[in-house]
Amino acid sequence: MSVIRLYLIGFLILLGAILANLIATKLNLKSWYDLFIGVSENSKYWNQIRIIDGIWLLLIYPLTLGFSAYIGNIIYQKLF
């Protein structure tokens, strides 16, 4: 696997994560950062996690990052 391919895919995953976190903020959804900080500061933070937050964190967010990697791979194949 070439370094250029890894860099391109990694870069697009990073962009996907940034966009996903912006979307989460706009939709008032919890991010992984919110979850980790909240739980580390207060064990009752779990009561603030809604079902939609869980769906976002465990389903939609990983799919978004996976799709970003997929797009990065397609772009690499088209360019090289």
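Colleague: How many residues does helix α1 have, and what is its reach from first C-alpha to last?

Modeller: This is a predicted model. Helix α1 covers residues 3–26, which is 24 residues. At 1.5 Å a residue, 34 Å is expected. The helix comes close to that, with a reach of 34 Å.

Colleague: Which helix do the buried residues of α1 pack against?

Modeller: In α1 the buried set is Leu8, Ile9, Leu12, Gly16, Ala17, Ala20 and Ala24. The protein has three helices and zero strands. The partner of those buried α1 residues is α3.

Colleague: Where does Ser68 lie, and which residues does Ser68 touch?

Modeller: Ser68 sits in helix α3, residues 51–79. Leave out residues up to four places away in sequence. Two of the α1 residues listed as buried, Leu12 and Gly16, are on that list.

Colleague: Is Ser68 buried or exposed?

Modeller: The cut-off for burial is under 20% relative accessible area. Ser68 has 10% relative accessibility. Therefore Ser68 counts as buried.

Colleague: How many aromatic pairs are there in the whole structure, and what class is the pair of Tyr76 and Phe80?

Modeller: The search finds five aromatic pairs. In one of them, Tyr76 and Phe80 have ring centres 5.0 Å apart, with 35° between the planes. Stacked needs planes under 30 degrees apart, and edge-to-face needs over 60. The Tyr76 and Phe80 pair is therefore tilted.

Colleague: What is the radius of gyration of the protein?

Modeller: A compact globule of 80 residues would have a value near 12 Å. The C-alpha trace spans about 50 × 20 × 20 Å along its principal axes. The radius of gyration of the protein is 16 Å.

Colleague: What share of the contacts with a separation of 6 or more joins residues 24 or more positions apart?

Modeller: Along the sequence the pattern is α-α-α. Buried residues make up 28% of the 80 residues. For contacts with a separation of 6 or more, the share from residues 24 or more positions apart is 69%.

Notes
Residues are numbered from 1 along each chain as its sequence is written. This is a predicted model: local features need pLDDT of at least 70, side-chain atom pairs count only at pLDDT 80 or more; totals for chains, interfaces and linings use all residues. Side-chain values use heavy atoms; hydrogens and water are left out. Helices (H or I, at least four residues) and strands (E, at least two) are DSSP runs, numbered from the N terminus. Buried means under 20% relative accessible area, exposed over 50%, partly exposed in between (1.4 Å probe, protein chains only). Contact means heavy atoms within 4.5 Å. The radius of gyration is taken over C-alpha atoms; the globule rule is 2.2 Å times the number of residues to the power 0.38. The expected span of a helix is 1.5 Å times one less than its number of residues. Rings of Phe, Tyr and Trp (its six-membered ring) pair if their centres lie within 6.5 Å; planes under 30 degrees apart count as stacked, over 60 as edge-to-face and the rest as tilted.
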